[in-house]
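Okay, thanks everyone, I'll keep this short.

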Amino acid sequence: MRPGPKSQITAAELSWDDFPERGFARVEAFATEYLKVPKGEGALSAFRLRDWQMEVVSSLYPTDRPRPRQALLSIPRGNGKTGLAAVLGLYGLFADEVESPQVLVVASTEMQAKHVFNAAKRMIELDDRLAERAHIFKDRIETPHNSGVFLALPATESALQGYDPTLQIVDELHVVNRDIWEAVTSASGKRAESLTLAISTPSDSQESVMWDLVKYGRENTDPSFVFREWAAPDGCAVDDEAAWAIANPALGDFLHVDAFRSTVKTTREAAFRRYRLGQWIGSHDSWLPFGVWDARAVDRALVPGEKIVLGFDGSASGDSTALVACTLDGHIVPMNIWNNPLEAGWRVPRAEVTAAVDGAFNVFDVVELACDPWGWRSEIEDWSQRHGERKVVEYNTGFRNRMGPATDRLYAAILDGSMTHNGDKVLTQHVAQTTAVQTAIGAIVQKDKKNSPRKIDGAVAAIAAWDRAAWHTRKKSARAVSF
Ligand SMILES: Nc1ncnc2c1ncn2[C@@H]1O[C@H](COP(=O)(O)OP(=O)(O)OP(=O)(O)O)[C@@H](O)[C@H]1O
Ligand SMILES: [Mg+2]
């Protein structure tokens, strides 16, 4: 069939008299009655929503409470993301009993948005009753009976302007950036009920809007946000077939286990874990495994007079400069991180840094200030004169024999939970940007590339502060024992 408008729609409106009035049972009845599997396993048979799919559908279309505004399903490849999205899109277009429904399929590229659109189009073509009541165009479907429209759009602010969607579907959220996500969510909300539904495999980066939403969903405090995650248990063996089944609800159904058995041998482990096991593994050379830093955030501020050790990593010019505190019981709190706002000619406000150092000494019981001396020798001399030579010491963060073991000790503490931090956003960002090369003397942290604007100075200062605080704690307890 050539795309384009049909001359006139003469078919009568579809009758929903025998259908449940609303809610998930209506979605199920619509799928079974009108939709067929468009391709692949079970092609052309009636589209039967599986139990696990119905669980999702019932949380999106409840009958006893308001519908959610946003939903995120994190699920590995091949479990029918696109198919489910097409079913819900068509339900929203034909059967949701709202006047002028607008279903928008948005993705980072038009190509990606077209996957759901094409599946929906094909499903309409496979049922005469639907095909007679819809105009199918290249990138839109119209249903004149209810003034409905179903559109595939590139997710940009300008493309989304002027719509008033009842349902927005984001296929593969992991490639969507924050600007796009904000454009999508700000397009919705004008109606009493409107849902933004994202379906995706995990992203490869902690700096993704998807990771932020996964963290939010895992907290599970917002009834207007539905989150469901299918993932193999952390730390499972990559070839553990029981773990495959946990992560892949369609395995053994329309997803074939022999495909897994052959790809596990030929796929890089990180890729297999992400795409097939739904696990967050991050980029392979990032210093920390995904999510562990975030898990150590606690709501604890420093108390005036508290004993702290300060780590300082200053930049001579355009980099960022960090002053980070660590308590003697292992709680990390940045005093300040001066980030270059990426302006040419920006210089660290040196007087402000000195004021912050002085302020810390005034407010807290500073046991030691460990400073990377590069570019800051005259200030360090000045600080040491004011606050005591024994307290202001040089800590060369370029000295690998010291930094490697220090970095590994903080790493171990982050992993085993013996450290905490206050969740500071800038420090968290610096830690996320920190990559590492493994060497015989420990991990050497570095930026993702030389001259990269992705700064890590906060992480370096935290390692120095942690290292020296641990040293002072050991010294104290050794003395306690010898007394
Ligand atoms: N109940 C069902 N739900 C979803 N898909 C089904 C179902 N039954 C059969 N299928 C078929 O299974 C296949 C699932 O593929 P689909 O493209 O929807 O998965 P996906 O998760 O989007 O994959 P990818 O990660 O490659 O984008 C399709 O061919 C679909 O038609
Ligand atoms: Mg898909």
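Before I get to the contacts, one term: when I say polar contact, I mean a pair of N or O atoms within 3.5 Å. And keep in mind that this is a predicted model.

So, ligand 1. There are 18 residues around it, and the closest are Lys39, Gln53, Arg77, Lys81 and Thr82. On Gly78, a backbone N or O atom sits 3.2 Å from an oxygen atom of ligand 1. Lys39 also uses a backbone N or O atom, at 2.8 Å from a ligand oxygen. With Arg77, it's a polar side-chain atom, 2.7 Å from an oxygen of ligand 1. Taken alone, the ligand exposes 630 Å², and the protein buries 87% of that.

Who makes up that shell? By class, we've got seven charged, seven polar and four nonpolar residues. Helix α3, residues 81–95, contributes the most, with three residues.

Now the annotation. An unreviewed UniProt entry puts a "Terminase large subunit-like ATPase" domain on residues 51–217. That stretch is 41% helix and 21% strand, and its end C-alpha atoms are 22 Å apart.

Last stop, the largest pocket, with about 1,300 Å³ of space. Its lining has 45 residues, and nearest the centre are Gln206, Trp211, Phe290, Gly291 and Asp294. Among the elements giving two or more residues to that lining are α11 and α16, but α8 gives the most, with seven. The lining splits into 19 nonpolar, 14 polar and 12 charged residues.

That's my tour, over to you.

Conventions
Residues numbered from 1 in each chain as written. Chains lettered and ligands numbered in written order. Predicted model: local features only at pLDDT ≥ 70, side-chain atom pairs only at ≥ 80, totals over all residues. Heavy atoms only, no water. Near = heavy atom within 4 Å. Polar contact = N/O pair within 3.5 Å; in protein donor to acceptor, adjacent residues only side chain to side chain. Areas by Shrake-Rupley, 256 points an atom, 1.4 Å probe, with all protein chains shown as cover. Helix = DSSP H or I, 4+ residues; strand = E, 2+ residues; numbered from the N terminus. Nonpolar A, V, L, I, M, F, W, Y, C, P; charged D, E, K, R; others polar. UniProt positions renumbered as here; feature names shortened; annotations may be inferred. 1 Å grid on protein atoms, 1.4 Å probe; cavity = no way out; pocket = protein on both sides within 12 Å on 5 of 7 lines; lining within 4 Å. Points joined across faces, edges and corners; volume = space filled by probe spheres on them.
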